[in-house]
Amino acid sequence: MALLQKTSGTLFFFLLGGGLFGGLLGEILLFFSPTGFMKEAFVKSYQLGFVTPITLDLFLVTFTVGFSMRVNLMILLGVLLGLYTYKQV
């Protein structure tokens with residue numbers, strides 16, 4: 001019998017956890033790695049999403065929507081690790 005039910009919420013949890021783990025590992029590598037190929041390849045981040053939030057002012061109500069995500073190789077490796085762990089559970 002499986003310990004966890006394989007639902008979309010569980011998959012999201014494992015992917016998010018893997019991404020957070022990869023991001024944390026990337027920040028640690030950024031601190032300790034010397035300048036060069038390793039630093040550029042593994043820990044250089046790219047910003048995806050809206051740089052400035054979009055605001056819609058309707059006089060009575062104001063809506064502000066924004067989304068931003070940092071992506072680097074360590075985060076992608078962490079997400080793949082989370083997907084692998086999800087499949088093994």
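Which residues line the largest pocket?

Entry 1, ground rules. I am working with a predicted model, in which local features need pLDDT of at least 70 and side-chain atom pairs count only at pLDDT 80 or more, while totals for chains, interfaces and linings use all residues. I number residues from 1 along each chain as its sequence is written, and side-chain values use heavy atoms, with hydrogens and water left out.

I looked up the lining and found Phe12, Leu15, Leu16, Gly19, Leu20, Gly23, Met69, Arg70, Val71, Ile75, Leu76 and Val79. A pocket here is an open set of points on a 1 Å grid over the protein atoms alone, where a 1.4 Å probe fits, with protein on both sides within 12 Å along at least five of seven lines, and lining residues have an atom within 4 Å of a point. The elements giving two or more residues to this lining are H1, E4 and helix H3 (73–88), helices being DSSP runs (H or I) of at least four residues and strands (E) of at least two. H1 supplies the largest share, 6 residues.

I then looked up salt bridges (a side-chain nitrogen of Lys or Arg within 4 Å of a carboxyl oxygen of Asp or Glu) and noted a count of 1. Arg70 and Glu27 form the pair, at 3.0 Å from N to O, and it links distant parts of the chain, with Arg70 in strand E4 (residues 68–71) and Glu27 in helix H1 (residues 8–32), 43 residues apart.
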